[in-house]
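Subject: Structure handover and notes

Hello,

Please find below the structure you asked about, with its sequence. My notes follow it, and they can be read alongside the viewer.

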Amino acid sequence: MKVLDAALLVLLTHAAAGAEVVDFNREVRPILSENCFHCHGADAAQRQGELRLDVPAHAYASGAIVPGMPAASNLVQRIQSIDPNDQMPPPDSHRALTPQQIETLIQWIQEGAAYDVHWAFKSIKRPALPAQEGDDWGRSAIDRFVADQLNANDLTPSQRAPLPTLLRRLSLDLTGLPASAEQLTRWQAATDPAAAAVDELLASPHYGERMATEWLDVARYADTHGFNNDAARTMWPWRDWVVKAFNDNMPYDQFIAEQLAGDLLPHASQSQRLATGFNRNHVINSEGGIIDEEYRVEYVADRVRTTSMAWLGLTLECARCHDHKFDPISQRDYYQFFAFFNNIDETGEDGRIANAAPLMPAPSSADQGRLRALKRQESQQRKKLRRLIMASSSEPLATAPAEGRADASPPQLAVDLFSESQGFPDDGFEITPAKPLSTNEGWSLSAWINRKGAEAPVPLMSTMNYATPRSAGGYGAGAEVGFTSAGAVDVRLAVRWPAYATHVVSRRELSVNEWSHVAVIVTGNKARDVRIFVDGIESATMIRRDGLTGDVVINEPIRVGHTNRNTDDRFAGELRLLQLSAGPVDAALFESAIQDEIVRDATVASAALRQSNRTRRFLANALRRAASDVKIEDAWNAWRTTHAQRLELERSFPQVMVMQEMPEPRRTHVLLRGQYDVHGELVTADVPRSLGLPLPEDAPRNRLTLARWLTDPRHPLTARVVMNRLWQQLFGVGLVKTASDFGVQSEWPSHPELLDFLAAEFIENGWDLKHMVRLIVGSATYQQDSAATAEMWQRDPENRLLARGPRQRLTAEMVRDQALAVSGLLNPAVGGPPAYPYQPPDYYMGIVVAADYPGSRYTVGSGGDLYRRSMYTFWKRTVPHPTLATFDSPDREFCVARRSPTNTPLQALALMNDPTFLEAARKLGERMMNEGGTDDATRLAWGFRIVTARQPSPEELLTLVDLLARQRRDFADGASITDAVLAVGDAARSQGANDVELAAYASLASLLLNLDEAINRN
Amino acid sequence: MSPLDRFAIFAGRRQFLQHTSLGLGVAALSCLGGDAAVAPIGGLPTPQLSRLHIAPRAKRVIYLFQAGGPSQLELLDYKPQLDSRFRTELPESVRQGQRITGMVSGQGELLIAPSRFGFRATPNCGTPIGNLLPFTQKIGDRLCVVNSLRTEAINHDPAITFLQSGSQQPGRPSMGSWIDYGIGSECDNLPAFVVLISTPSNGRPDQGLLSRLWGSGFLPTRHQGVKLRSAGEPVDFLANPTGLHPTTRRSWLAALEELNQRRFEAVGDPEIQTRIAQYELAARMQTSVPELADVADESESTFALYGEDARKAGTYARNCLMARRLAERGVRFIQLYHRGWDHHGDLPNNIASLARDVDQASAALILDLEQRGLLEETLVVWGGEFGRTVYSQGAVTRETYGRDHHGRAFSIWLAGGGVKPGIRYGRTDDFSFNVIEGPVHIHDLQATVLACLGIDHERLTFAFQGRQYRLTDVHGTVVRDILT
């Protein structure tokens, strides 16, 4: 690798040789950075001899560098010294300068030792186009920059790739799928085939999937939490958001803003809040006994790492424990950046069986439509009901029965906690239930409440244990029902609050100084098992937490009106008829019983209650039950049905993890040596000053301001970093090879001006990603043939000079998706929950934790689930799917900006023997027989084209025909049994065909899928 | 000519590479019976280090990882004085405010639990070894017991990740990957880095493993460990479909090579030739791996040595036997994991069972390697990710008690290639709580393992994201006192 880089450097410097003056950024800084800055750079803690070489004033003043006078410069003496005590870099540093490097430094000092700002930190300026020289190759701006570099190196571009090869390249690059035979034929017939293909591919829903797949690596998306327990999480609605954003061609600045700060946008939509799941994709640890704060800090650090790598192209994390050794980022800068992400209400240990808070519901767009329709319907039905009631009587209360109905059947009450005959003491009281209550068995609670104003949440009843130390067993176990400060009913069930808890809050809020009836029923441990009723009508709920790991048993004194937390949380209103009942309750029967109870109790309640406007709603209900008016009854039932359907639908929505600011910001300190518990100075959120673009003075220091800063047209990094990654996606290597590092240690760009051109074009066109994709794939540079002479492969193995087209191995996802596509098995559905394709049996055995957490067992799917695109495969971080992992997909434990494709024997074994590929081969074989023509040669050529997009050469076809004959003979004479290849996979077998023929064709199809050409974009 | 050039390890590899470029293709194809033309293959990448930094003491490593954190107090760190402190509070002068895990931090008292099991001194060298390890006791004079290992991590995931990759957080390459990256393979038909996993005989382990423990982090994925599975196929997708005759596969492979070779001639991409070579290697693995996994050729005396468990695939004993077979075949880094050492409660019964699982086979491996002349070139390491506390988690009686995680002091043993036999290194205080002599940090252990293989841990680096990374981060000192 070193040798190759050196070769490139020679090529590049050769290009610049005409200038002769040493370029600081290109030639000098890398030498100083690699060899000197470690001890004489920005990091104060590491600095030796008080010397800084990264700041010109220091370097000059110290005498290390005397501009124009190498002989007088101490630096020159030291780097030339052979005395081990004097020599720089010191021998024990394992660093040494080459004679050329020493010469470069001397020349630079001779020429005045001028420093310059690191290229990537300078603002982006649209460069002038190089003059068009020579022939008319490549008229696009991109081509002019590339041609300029080629000319300087005495190279000429390659000719255009053969059309089929180019069309296949485009299809795989833009959608991750091969072009179908029909597409190839259609495009080839167009006036401008490549342009026709690009138009169609950019409009395909698979374009978004392809772009998203790259982004999911950066965003470390997975379907499990990682770490020891590695339970399943639900983040796929966020993944679908990404696919949609790319398909909609959302402007990229908005793409950044919504993911970083969608929740903070004015009137944030459902979709914008969902986008912030980006910052919750990090791993989460649920190992018992970990120290919460240690891991909470890790999660925030992960957000810093991901955000800075994704858009700044900087390794900010290097400044977590000490000032950055190379880049101008201090430890203080790091924690200022950290402060942007340090303000959500999260816990270190979480996610044992479900998502970690904060959560939000994320219905699919179809469900959102269904929800809107139900709400509309409900509203109409409610209006109708009101009209009927109003018409029937102007004084509903008068017609209500004076006493409770004789046929009312209130729930069996185990404990009558409080009735109005008792006075309610200020500090509440305690009562022990006659028999234990449990969430597994179910229980319900009901009461009449008259809230007084409250600033803080107040408890109604609690068994939650806050008395034990937080870190100890037993802390935070119990149940609690109370009210938020806004008056919503707040229900908490926990084995360890807050991580392992169910926490549900009603949408309905109780007013102050008005009587309301509240009922809660609990029928299990999940959030959806908690139902809340206000005035006898079920309220929609918000799920705050849904990670309760087991039964919550109430067998100790229940604190009424207070908790044992050491605060003033006391219930301060009026309370009547607080009742608690044990046992399983049917929600529908319960609701009806409560309503009866309300009718009865309301009529015996105080005058104040009877007078209240607030009571109209349930009194209308009372009226409805009392007045046997069929029209009212029908209208009521119609609304009730719709209401129940809506709540049921809402309960079915997946909950995803999102960002949500805490009302009171968490204080952020510098953490000394990076340790979570060693606090240094207090800092506020800010961006590194050294990038030369301060935040606006008056802007709030929050994630939204950060997003606006990143997408400020004057920002030096964001557009360059994003365009470089796009280039990398299409060419295999970025213009800056170190895609995740644009700092001073980064590799010099192969085409700096081209990179700036792309960045400027991107910004000026409103961050239009499809425009940029179109521009790049439309260039002659991209469309070159990827074949080259041995000499050129040797001279420029990574194709940094772009004298040929890109040749890249297919990504893991493409390898499998292509096999599914060409065999006709592919299920092209976009989005949805993860899929479970074939995986060897017991693959998790011996690795995963023994406890049966969600996601610790893998059950192979069936039907269409087996053939979903690979990006939807259940992504388990600690045991990645072998078919994908073998082809270099990352485990997604952290942000990855570049996969490194490898070439291993395990890949050969997978392509030969993985049922995924064998089944695809079987189906492709069938297709060759059914659709490919009538004779062997035509069928084989057809199959060859389906896989590679081109026609085989006569020699290639001869090899295939010959092999087919041999395979057919082996299967026919029984040397090999046909079921070896025909019994693989769930897909139905083609009926009527001869098994020997099918097996022989399947074998040939398998060969096609194994071709090096097939698993490369050529 | 540097004296380093004389090292057999490299001479061996060079011969192999010559063999690869000239003859292996022929060998592979001839064993497949094909008649296609032989292309020179450069399939196997050359290692990063062209030359070893220091004189190597070992050619390979077998790491017997005891996952979960075995208690040093019962096995390797003898503290007879504790008997008299039964159920007394851990003195604050010992604890010194050190953090303890969330599992006991709410417990009112930290009461001393002396080991229920005795120790015996090894004849000649005197190293005390717990009576739960009778077979290990017999080979005590071959072992270097280190009582002074230290880690900062106190939970499983970060602690194992730290020991295996030098960082508590995910993302770094594992030790085996570093070694493969640095000095490559000695073997042309098996991966350089192989992983074997066993589970305890007494039930289900509480802790999971993570494939990142043998992952390659930011190194190319070809350096990651290959897990040999005990159920199903040892290597994913190794076997050809049942009923496919070798001749059918051979003609298929020959045609594939022919077409790939044609493509190479048209396109020029050298990766195509690597691909051709990898198909040949895959074909060799189809023979070599089943051969490796089939222990039918082992003698009765071998099973007597390793124990009856070794007849059963997936046991620790079988994996130890497999480790020897892998060592014989020249595999560079052999990583075993035995899970189930996490004994928070009822430690005496649980640890006795785990000790039974591993004792005989661990000792057998040492003796077997020794009698085959392999011990001197194979470094064997036995140990977990941390130790356990002297105080009990939960109630303590003479009969039973539990122990929480303890990273400040724990014990491992090493044997073979390059370490002094029959010594003890480092000392802990009377409570096995703090190291009082010869501390060995995780990074020191890693540096020492690399040193045994001839690698200077400070000079095996990989440039990633603007920084030179290494296994030992920016730390680590070779523990020279334990090396020969």
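Please keep in mind that this is a predicted model. The contact between the two chains draws on 69 residues of chain B and 84 residues of chain A. On the chain B side, helix 5 (156–165), helix 7 (246–267) and helix 8 (270–293) each contribute at least two of the residues that touch chain A. Helix 7 of chain B gives the largest share of that side, 13 residues. By class, the side of chain B that touches chain A consists of 28 polar, 26 nonpolar and 15 charged residues.

One helix pair across the contact

Two packed helices are described by the angle between their axes and the distance between the axes. Helix 30 of chain A (residues 905–913) packs on helix 8 of chain B at an angle of about 75 degrees, and their axes are 8 Å apart. Angles of 65 to 115 degrees count as roughly perpendicular, so helix 30 of chain A and helix 8 of chain B are roughly perpendicular to each other. From helix 30 of chain A, the residues involved are P905(A), Q907(A), A908(A) and L909(A). They meet Q278(B), Y279(B), L281(B), A282(B) and M285(B) in helix 8 of chain B. The contact of these two helices has seven nonpolar residues, two polar ones and no charged ones.

N228(A) sits in the loop between helix 11 (205–218) and helix 12 (236–247) of chain A. Is N228(A) buried or exposed? There are 24 other C-beta atoms within 10 Å of N228(A), and 20 or more count as buried, so N228(A) is buried. Leaving out residues up to four places away in sequence, N228(A) touches E287(A) and V849(A) in chain A, and H156(B), D157(B), Q207(B) and G208(B) in chain B. N228(A) and E287(A) are 59 residues apart along the chain, yet their C-alpha atoms are separated by 6.5 Å.

Chain B overall

Chain B has 12 helices and 17 strands. Its radius of gyration is 24 Å, close to the 23 Å that the globule rule gives for 484 residues, so chain B is as compact as a globular protein of that length. Along the principal axes, the C-alpha atoms of chain B fill a box of roughly 80 × 50 × 45 Å. Of the 484 residues in chain B, 60% are buried. Among contacts in chain B between residues at least 6 apart in sequence, 76% join residues at least 24 apart.

Helix 24 of chain A

Helix 24 of chain A covers residues 718–731. At 1.5 Å a residue, its 14 residues should span 20 Å, and its end C-alpha atoms are 20 Å apart, which agrees. After helix 24 of chain A comes G732(A), with a positive phi near 95 degrees.

Backbone details in chain A

Two cis peptide bonds are worth a look in the viewer. One joins M88(A) and P89(A), with omega about -10 degrees. P89(A) is in the loop between helix 5 (74–80) and helix 6 (99–110) of chain A. The other runs from A357(A) to P358(A), with omega near -5 degrees. P358(A) is in the loop between helix 16 (331–339) and strand 1 (359–361) of chain A.

Which residues other than glycine have a positive phi? Among them are N249(A), with phi near 55 degrees, and A949(A), with phi near 80 degrees. N249(A) is in the loop between helix 12 and helix 13 (252–261) of chain A, and with 19 C-beta neighbours inside 10 Å it counts as partly exposed. A949(A) is in the loop between helix 32 (936–948) and helix 33 (954–972) of chain A. With 25 C-beta neighbours inside 10 Å, A949(A) counts as buried.

One more loop residue

Y466(A) lies between strand 6 (458–462) and strand 7 (478–483) of chain A, in the loop. Y466(A) counts as partly exposed, with 18 C-beta neighbours inside 10 Å. Not counting residues up to four places away in sequence, Y466(A) touches G476(A), T563(A), N564(A) and R565(A). The C-alpha atoms of Y466(A) and T541(A), 75 residues apart along the chain, are separated by 25 Å.

Regards

Technical notes
Residues are numbered from 1 along each chain as its sequence is written. Chains are lettered from A and ligands numbered from 1 in the order in which they are written. This is a predicted model: local features need pLDDT of at least 70, side-chain atom pairs count only at pLDDT 80 or more; totals for chains, interfaces and linings use all residues. Two residues are in contact if their C-beta atoms, placed from the backbone, lie within 7 Å. Helices (H or I, at least four residues) and strands (E, at least two) are DSSP runs, numbered from the N terminus. Ala, Val, Leu, Ile, Met, Phe, Trp, Tyr, Cys and Pro count as nonpolar, Asp, Glu, Lys and Arg as charged, and the others, Gly among them, as polar. The expected span of a helix is 1.5 Å times one less than its number of residues. The radius of gyration is taken over C-alpha atoms; the globule rule is 2.2 Å times the number of residues to the power 0.38. A residue is buried if 20 or more other C-beta atoms lie within 10 Å of its own, exposed if 12 or fewer, and partly exposed in between; C-beta atoms are placed from the backbone. Axes are lines fitted to C-alpha atoms, for helices over the stretch in contact, and angles run from 0 to 180 degrees between N-to-C directions. Angles under 35 degrees count as roughly parallel, over 145 as roughly antiparallel, 65 to 115 as roughly perpendicular and the rest as oblique.
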